[in-house]
Amino acid sequence: MSNLSIQPKIVIIGAGIAGLSAARKLYGYGFVNIKLLEAQKRTGGRIKTSKIGKGAIELGAQWIHGEGQNPLFHIARDNHLIDSSVKVGWDEEFRTQNGEKIDPTICDEVMTEIDRISDHCETFYNEIIPESCPELSLGEQYSQQFSIYLNNLKEDSRRKQLKKGLFDWNSLSEHSMNACNSLYDLHIRGWGQYKNFKGNKHVEFDMRGYQSIVDLFQDAIPSDWVHINKPVIHIDWRDNKQAAYIDKKDLHTNTEASNTNLIPLNAQLDEKSIGNELKADTCETTMSDGVKCDNHDDLMSNDVDPITKQLKVICDDETFYADHVIT
C-alpha cells in the first residue's frame, strides 16, 4: 500500500473481534485512513472478561473451539495467551441435585449417543434437507433422536432418567455454545453449515482471559481509530452489483477506487446528526447477524439522496461516507 498514490478511506462498523481483526489486518497491509464505530462503551463485542483477584470469569466467549487451521488459535498460541494445562470435556464428575454421583459409564454412553446424533444432524443437513423444506430446528432432531435411543434401551427407569438428565444438561450447554435461548430456535440448516476445526474443542486462555486477544488486536492499531458509543441506526446500501469488493489480491491494483462513480454508502447513527462528514471508500460491517436480523428494516435500505446521490452512515456527531461495501 505504501506505493499507492491514493489511500482509500475505510469505515468499519463494530469493534468486536471481527472489526478489530479487520482493522489489524488492513493496518498490516498499509492502510491508515480507518475508523471503527462501536455502539457500546467498550470494544470486544461478545468477548467480555471480568477480573476477580488474579483470575478471570468470562461473561461472553470462553473458549477457542478447535485448533487445526483455526487462525485465532494460532495467533493466541504464538502470543503465549493459552493455558494448555486446562482440559475441558466429559471427564468431570457429574452429580444429581441430591449429591448422588452419576456412574461415569452412563456419562460416556450419553456422550457417545450425542456424538452420533450430531453426526446424524450434519448428514441430515448435508444430504436430506431440500431447499424447499419447512422450518426444522436442531432441537426437534436432537429430542426426537434421543427419545428413540431411550425407548430402545432395555434398562431400568432410574438409569434412563439419569441419561435424560445428562442429555438435558448438554442441551443447555449447546444453548450457550450456539448463543440461542433454545435449540428449537436454531434451524438445522444454519447449524449444519458450522465447520469444526480439528483438535481440542475447548482451548482455554490463561489467567488474563479472552480479553487478552482483544487487547492484542487493539494494541496493534492506532488508538484514534476506535470510536465507542457510536451506535449505527441506519445504513443505506447501494446495489451490490455496483460494489467494488476489495480483497487481499487486488489491494495493490484497485488504485482508482476513490475516483469511481460508484454510489457511496452511508451509515446513520443518530437521526439528529446532520453535521460533520467523513468520506470513505469502504464500509465493512462486522455487527452480529442477530443485530442485522432484528434491525434489518431500519438498518438496511437502498435509498439514495436525490441531490447528492450518496448513501450515508450517520453517528451522533458525524456522517461517514463510503464507495465500497464489504459485508
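A contact is a pair of heavy atoms within 4.5 Å. In the protein chain, 80% of the contacts with a separation of 6 or more join residues 24 or more positions apart. The structure is a predicted model, in which local features need pLDDT of at least 70 and side-chain atom pairs count only at pLDDT 80 or more, while totals for chains, interfaces and linings use all residues. Residues are numbered from 1 along each chain as its sequence is written, and side-chain values use heavy atoms, with hydrogens and water left out.

The chain contains nine helices and 13 strands, taken as DSSP runs (helices H or I, at least four residues; strands E, at least two) and numbered from the N terminus. Of its 327 residues, 43% are buried, that is, under 20% relative accessible area with a 1.4 Å probe, protein chains only.

Helix α2 (residues 71–78) packs against helix α7 (residues 211–219) at an angle of about 85°, and their axes lie 11 Å apart. The two helices are therefore roughly perpendicular, a term for angles of 65 to 115 degrees. The axes are lines fitted to C-alpha atoms over the stretch in contact, and angles run from 0 to 180 degrees between N-to-C directions. Leu 72, Ile 75 and Ala 76 of α2 meet Ile 213, Leu 216 and Phe 217 of α7.

Glu 174 belongs to helix α5 (residues 157–177). Glu 174 is buried but has no salt bridge (a side-chain nitrogen of Lys or Arg within 4 Å of a carboxyl oxygen of Asp or Glu). The nearest side chain of opposite charge, Lys 201, is 12 Å away; here Lys and Arg count as positive, Asp and Glu as negative, and His and the chain ends are not counted. Leaving aside residues up to four places away in sequence, Glu 174 touches Tyr 142 and Leu 183.

Terms used:
Buried means under 20% relative accessible area, exposed over 50%, partly exposed in between (1.4 Å probe, protein chains only). Angles under 35 degrees count as roughly parallel, over 145 as roughly antiparallel, 65 to 115 as roughly perpendicular and the rest as oblique.
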